[in-house]
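Let's take a walk through a protein together, one piece at a time. Have a look at the structure first, and then we'll start with a helix.

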Amino acid sequence: MVTGANGFLAQHLCVFLAGKGFNVLAVSKGARRIPADVLINYTSIELTDVSSVQEYIQKSAPQVIIHVAAMSKPDECEFDQAACILNNVTATETLLNAAKSKSIHFIYLSTDFIFGENGPHAENDLPNPLNFYGASKLMAETRVKELADYYTIVRPVFIYGKHWEGMRPSFIQWVAQNLRSGKSIKVVSDQLRTPTYVEDICWGILAIIQLKKEGIYHLAGKDICSPYSMALTVANVLKLDASLIEEVNSDCFPEPVKRSKKSGLKIDKAIQELNYNPLSFEEGVRNSF
Ligand SMILES: NC(=O)c1ccc[n+]([C@@H]2O[C@H](COP(=O)([O-])OP(=O)(O)OC[C@H]3O[C@@H](n4cnc5c(N)ncnc54)[C@H](OP(=O)(O)O)[C@@H]3O)[C@@H](O)[C@H]2O)c1
């Protein structure tokens, strides 16, 4: 069972797992946006509705729940904190309670935003979220640890990859779209991340399911990049005009939400235990277009 199935990561995950022969139970709030030719069982469910969630899990009896659904935009979470708690924490609790004592492997998609500055961080570093989104994801992690029969927490960073109709574009598509139409863009160079190619997360999750791995795994990219350097890579790979990319620092965008300057995640544990082998950022971009 994959929640948030219409979202960027979960659409990729559904396509990937269906392609590996899994019987994928895809659930999301809205009408199906996963391409019609992908063989999955789609159901529209509001995860904050306790009785629908209980009924669905009782009836469909999943062996694994991959809980990807979230209110995932930090700005929206900051402005509507009650909705953020409802969608990110209460909905996670509802799923966990419905799954309780059914021996379901619960895989929760968290984020590097549970940490503060001084990344890249390892799995057991001390969390210190800088904004409400990060705090809500950390609260959900705690509930997963308390309530799941057995669990894995997966933390990716700045996800990018292929885009198709019905899916929101990731950062690299935004860069490509602007440069292709000759528009200049301002991109920050004073924030560091370890951007994650979406298919690498899919392979990591497959290994977690097959090896029945529990605990926390960072599934991120292997390169440390700033959004500015990522934008330059997109321009170089697609042979677009890099002079349209203006390097700025974060003071240029007075953001309502505090974000870490130096984030990113260490992936040594996943490499050792899951045989995780992520692409470089450049390879990921090449595969995304
Ligand atoms: N994107 C990143 O760079 C990034 C980085 C680190 C971690 N993450 C984490 O990875 C996960 C996936 O991120 P994403 O960017 O792929 O997310 P996304 O595109 O925003 O998709 C999230 C999906 O969750 C569904 N959803 C939200 N609330 C729901 C509810 N109450 N009931 C049912 N469905 C609900 C929505 O479905 P509908 O469209 O059907 O309404 C939405 O499509 C999230 O947990 C996020 O916190 C993301």
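Predicted model: local features only at pLDDT ≥ 70, side-chain atom pairs only at ≥ 80, totals over all residues.

Residues are numbered from 1 along each chain as its sequence is written.

Now for what those words mean. A residue is buried if 20 or more other C-beta atoms lie within 10 Å of its own, exposed if 12 or fewer, and partly exposed in between, with C-beta atoms placed from the backbone. Helices (H or I, at least four residues) and strands (E, at least two) are DSSP runs, numbered from the N terminus.

Back to helix H2, which covers residues 50-60. Val53, Tyr56 and Ile57 are its buried residues here. They cover an arc of only 95 degrees around the axis, which puts them on the same side of H2; the arc is that of the directions from the helix axis to the C-beta atoms. Here's the general idea: an α-helix has 3.6 residues a turn, so residues three or four places apart point the same way. And what do the buried residues of H2 pack against? Their partners are strand E2 (25-28), strand E3 (41-44) and H4.

Next, a strand. In E5 (residues 105-109), five of the five residues are buried. In a regular strand the side chains alternate between the two faces of the sheet. In E5 both faces are covered, with His105, Ile107 and Leu109 buried on one side and Phe106 and Tyr108 buried on the other. E5 runs parallel to strand E4 (residues 64-67), and four bridges join them; two strands pair if DSSP finds at least two bridges between them. E5 also pairs with strand E6 (residues 150-155), again in the parallel sense, over five bridges. You can follow His105 across: Val64 has His105 as its bridge partner in E5, and the bridge partner of His105 in E6 is Tyr150.

Now look at a loop. Leu265 sits between strand E11 (245-248) and helix H9 (268-274). Is Leu265 buried or exposed? Leu265 is buried, because 25 other C-beta atoms lie within 10 Å. Leaving aside neighbours within four places in sequence, Leu265 is in contact (C-beta atoms, placed from the backbone, within 7 Å) with residues including Asp112, His121, Arg155 and His218.

There is a ligand, too. It is surrounded by 27 residues, the closest being Gly4, Gly7, Ser28, Gly30 and Ala70; a residue counts as near a molecule if its C-beta atom, placed from the backbone, lies within 6 Å of it. Helix H1 (8-19) and helix H4 (81-99) each supply at least two residues of this shell, and H1 gives the largest share, three residues.

Finally, step back. The protein has ten helices and eleven strands. Its radius of gyration, taken over C-alpha atoms, is 19 Å, close to the 19 Å that the globule rule (2.2 Å times the number of residues to the power 0.38) gives for 289 residues, so the protein is as compact as a globular protein of that length. Of the 289 residues, 44% count as buried.

How values were computed:
Contact = placed C-beta atoms within 7 Å.
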